[in-house]
Each structure stands twice: as C-alpha cells, then as structure tokens.
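Hello,

Here is the structure for your files. My notes follow below it.

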Amino acid sequence: KAYIYGEKIQGVGGLPVGTAGRVVCLLSGGIDSPVSAYRMASRGCKVIFVHFHNYDPFIAKIKKLVSILSGYQGRSKAYLIPFKEVQQKIIKGTMKEGSEYRMLLYRRMMMKMAEEVARREHALGLVAGDHMSAADGAQIRCLDAAPLDRVGAARREGAARDRLAQRRHDAGNFGKAAFALLAAQARDRGH
C-alpha cells in the first residue's frame with residue numbers, strides 16, 4: 001500500500017494526543033479552562049474533563065465545549081459532578097463565621113474530587129484555567145498548601161512521570177481571542 005497526498009492542510013500543531021499521558025481538566029464553562037485544556041492537548045496530553053454543577057442549564061454549554069475540544073483530541077470523557085449538596089453543607093458550616101472562605105472551600109473540595117477522578121483515570125495531573133492575578137494569588141497558595149502529589153503516586157516511579165505530575169496549567173496570554181478562533185474553526189468543521 002502507498003498513500004499519496006496532494007493537498008497540504010494546516011493542523012493544530014503540537015504533539016500527538018496521548019503521548020504525554022492523561023490529565024484531568026476542571027472545566028468551568030468560562031474561557032480559561034477550555035483554553036488550558038486545548039493547550040494541554042496540543043502538548044500531547046489526553047484531557048479528561050470534570051465539571052461541577054448545580055443541576056442547571058449550564059450543562060448544555062459544557063457539553064458543547066467538550067464537543068468542540070474533542071475535535072482536537074478525538075473522543076473525550078467528561079464527568080458531570082453534582083455539587084449542590086456540597087455547597088449547601090459548606091454554607092451551613094460557615095453560617096456564623098467563616099463565610100468569607102466559602103469560595104476557597106468550594107474550590108478546595110472541587111480539587112479534592114477532581115484528584116479522585118485523576119486517580120481513577122490514572123491521570124498524571126490536574127489542569128485548571130486559573131490566572132495568577134493579585135486577586136486570586138492567595139487563594140491559589142492556599143489550594144497548593146495541601147499538595148496533590150498523591151495523584152497517581154502508585155504509578156509514578158520514574159522521574160519523567162514525576163515531572164508531569166501536578167501540572168496545573170495557566171492559560172496565560174493565550175486568552176479569549178484564541179478560543180474564539182478555535183470555536184470558529186470548530187464551527188467551520190461542523191462540530
């Protein structure tokens with residue numbers, strides 16, 4: 001057999017999907033987390049998505065984002081995790097004092113749940129679209145205080161896997177314009 005190509009088509013670029021292992025992406029529905037997921041896929045990671053919801057119509061948007069991103073990595077898996085009960089327990093527990101820490105507690109619980117998904121999926125790390133701005137820098141430091149180095153610890157014996165563990169990706173300057181371009185490309189391809 002021989003394959004002959006007559007047309008050159010510009011691809012996304014980057015590394016073949018899956019060559020850098022699996023990661024779990026906390027997909028919020030904003031712009032930063034899908035951009036982070038796209039960038040990790042372009043660096044060879046197979047991205048597994050996790051979204052925490054309150055039984056709202058926002059889930060349709062998440063499914064559409066996963067569909068668009070699947071165009072860059074092939075078939076995708078998404079965990080849609082109910083979070084309303086957890087939020088209610090945190091609200092109840094911080095009613096008298098500590099209400100200023102609710103968002104931090106929500107995020108910490110989401111990270112712990114995503115860590116469990118990563119463990120079950122044999123993923124090498126977690127991906128979030130967090131921007132390290134002055135406003136949320138302290139929150140990120142608090143989240144990092146309890147390291148996630150247990151993710152896949154039983155599997156990670158080699159130094160190469162250790163370097164990939166814990167990779168939390170900041171979308172940086174890639175931003176909204178880039179994801180708008182990606183969405184337009186996906187529309188053009190019929191996703």
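Which residues in H1 are buried? They are Ser 33, Pro 34, Val 35, Ser 36, Ala 37, Tyr 38, Met 40, Ala 41 and Ser 42. Buried means under 20% relative accessible area, with a 1.4 Å probe and protein chains only. Just after H1, Gly 44 has a positive phi of about 100°.

Some ground rules. This is a predicted model: local features need pLDDT of at least 70, side-chain atom pairs count only at pLDDT 80 or more, and totals for chains, interfaces and linings use all residues. Numbering runs from 1 along each chain as its sequence is written, and side-chain values use heavy atoms, with hydrogens and water left out. Helices (H or I, at least four residues) and strands (E, at least two) are DSSP runs, numbered from the N terminus.

The sheet. It is open, with 4 strands in the order E3-E2-E1-E4 and parallel pairing. Strand E3 (78-82) and strand E4 (126-127) are the edges, each pairing on one side only. Two strands pair if DSSP finds at least two bridges between them. E1 (residues 22-26) and E4 pair in the parallel sense over 2 bridges. Val 24 stands opposite Leu 126 in E4.

The cores. A nonpolar core is a set of buried Ala, Val, Leu, Ile, Met, Phe, Trp, Tyr and Cys residues joined through side-chain atoms within 4.5 Å. The largest has 18 residues; Val 23, Cys 25, Leu 27, Ala 37, Met 40, Val 47 and Phe 49 touch the most other members. E1, H1, strand E2 (46-53) and helix H2 (58-73) each supply at least two residues of this core. H2 gives the most, 6 residues. A second, separate core of 16 residues includes Phe 83, Val 117, Ala 123 and Leu 126.

The largest pocket. A pocket is an open set of points on a 1 Å grid over the protein atoms alone, where a 1.4 Å probe fits, with protein on both sides within 12 Å along at least five of seven lines; lining residues have an atom within 4 Å of a point. The largest pocket holds about 490 Å³ of space, the volume filled by probe spheres set on the points, which are joined across faces, edges and corners. Its lining has 24 residues, with Leu 26, Leu 27, Ser 28, Arg 107 and Met 110 nearest the centre. Helix H4 (102-120) is among the elements that each supply at least two lining residues. H4 gives the largest share, 5 residues.

Best wishes

Key:
Buried < 20%, exposed > 50% of the residue type's maximum accessible area, 1.4 Å probe, protein only.
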